[in-house]
Amino acid sequence: MRQCLTSTEGGYYTTNRQGRDQFGQKGDFVTSPEISQVFGELFGVWLVAEWMVQGRKKHGVEIIEVGPGRGTLMDDLLR
């Protein structure tokens, strides 16, 4: 699976085929963040609310988006 998805020679996510995009309306699939920023913004509101309920920890919070996309969810979440 790793070879198919990330190989430098023909990997699904790593090969830049001219005029071809894996994500978005013209790509192979569309995810919630690609449709509307509301999902990410609501997720951000929830994260802040949870942080506040936990006493606003001084050591900070690490938010990591794991996935092969463009980081759209994280962009919306941090708005």
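D76 is buried, with a relative accessible area of 4%, where buried means under 20% relative accessible area, exposed means over 50%, and partly exposed covers what lies in between, computed with a 1.4 Å probe and protein chains only. The model is a predicted one, in which local features need pLDDT of at least 70 and side-chain atom pairs count only at pLDDT 80 or more, while totals for chains, interfaces and linings use all residues. Residues are numbered from 1 along each chain as its sequence is written, and side-chain values use heavy atoms, with hydrogens and water left out.

D76 is found in helix α4, a helix being a DSSP run of H or I with at least four residues, just as a strand is a run of E with at least two, both numbered from the N terminus. The side chain of D76 meets that of R79 in a salt bridge at 2.7 Å, N to O, the term being used for a side-chain nitrogen of Lys or Arg within 4 Å of a carboxyl oxygen of Asp or Glu. Between these two side chains there is also a polar contact of 2.7 Å, that is, a pair of N or O atoms within 3.5 Å, of which, within protein, one must be able to donate a hydrogen and the other to accept it, with residues adjacent in sequence counting only if both atoms are side-chain atoms.

R79 counts as exposed because its relative accessibility is 59%, whereas D76 is buried. Salt bridges that share partners join E41, D76 and R79 into one network. In the other bridge, the side chains of E41 and R79 meet at 3.8 Å, N to O. This pair links distant parts of the chain, with E41 in helix α3 and R79 in the segment after α4, 38 residues apart. E41 itself is partly exposed, at 27% relative accessibility, and the count of salt bridges by this rule comes to 2.

With 16 residues, α3 reaches 23 Å from its first C-alpha to its last, close to the 22 Å expected at 1.5 Å a residue, the expected span being 1.5 Å times one less than the number of residues. Both F43 and W46 lie in this helix (residues 38-53), 3 residues apart, or about one turn of the helix. A pair of aromatic rings is described by the distance of the centres and the angle of the planes. Rings of Phe, Tyr and Trp (its six-membered ring) pair if their centres lie within 6.5 Å, and planes under 30 degrees apart count as stacked, over 60 as edge-to-face and the rest as tilted. By this rule the count comes to 1 aromatic pair. F43 and W46 form that pair, which is stacked, at 5.9 Å centre to centre and 20° between the planes. F43 is partly exposed at 32% relative accessible area, as is W46 at 47%. Just after α3, G55 takes a positive phi of about 90°.

On the surface, V48, W51, M52, V61, I63 and L78 form a nonpolar patch with about 540 Å² of accessible area together. Patches are made of residues with over 30% relative accessible area and no salt bridge, joined within 9 Å for like charges and within 5 Å for nonpolar side chains (Val, Leu, Ile, Met, Phe, Trp, Tyr); the areas come from the Shrake-Rupley method with a 1.4 Å probe, and for residues only the protein chains shown count as cover. L78 lies in the segment after α4 (72-77) and counts as exposed at 59% relative accessibility.

For the protein chain overall, the secondary structure comes to 4 helices and 0 strands, and buried residues make up 19% of its 79 residues.
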